[in-house]
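Please open the structure in a viewer and keep the selection tool at hand.

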Amino acid sequence: MPDAQARRAETQRRNNAAARLWNPSDQPDWLTPQVYAEQIQPRLAHVKLSMLRAALRVSEPYAVNVRAGRRCPHPRHWLALAQLVGVSGPDGIPTDL
């Protein structure tokens, strides 16, 4: 159990640091909670769990919950998920801008 606790603690430290460094102004204007809920999240049902885990760098149970819509990932992950499911901005603006 100490090893598992240490891994969880390290994951939490990494995620907290990433959330602190994330700047909401770096998010494209079109990528809103509504776009995530209506366009991105429903398409996640068709994404392989391994691809979702890799894109988010999360545990399998968390990825399962994101794919099922029971959890909403931090907005810093939305662009990667949009790219994963082929959602782009208005007028076909690539999601990597």
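Predicted model: local features only at pLDDT ≥ 70, side-chain atom pairs only at ≥ 80, totals over all residues.

Residues are numbered from 1 along each chain as its sequence is written, and side-chain values use heavy atoms, with hydrogens and water left out.

First, select helix α5, residues 78–85 (helices are DSSP runs of H or I, at least four residues, numbered from the N terminus). Trp-78, Leu-79, Leu-81, Ala-82 and Val-85 are buried here (under 20% relative accessible area, with a 1.4 Å probe and protein chains only). Viewed down the axis of α5, these buried residues fall within an arc of 160°, so they line one face of the helix (the arc is that of the directions from the helix axis to the C-beta atoms). Their cover includes α2 (33–40) and α3. After α5 comes Gly-86, with a positive phi near 80°.

Next, select α2. Its buried residues are Val-35, Tyr-36 and Ile-40. Down the axis of α2 they fall within an arc of 100°, so they line one face of the helix. They pack against α4 and α5 (contact means heavy atoms within 4.5 Å). On the face turned away from this buried side, select Pro-33, Gln-34 and Glu-38, which are exposed (over 50% relative accessible area).

Finally, select Thr-11, Asn-15, Val-58, Ser-59 and Tyr-62, which lie nearest the centre of the largest pocket among its 15 lining residues (on a 1 Å grid over the protein atoms alone, a pocket is an open set of points where a 1.4 Å probe fits, with protein on both sides within 12 Å along at least five of seven lines; lining residues have an atom within 4 Å of a point). Helices α1 (2–21), α3 (49–56) and α4 (60–68) each supply at least two residues of this lining.
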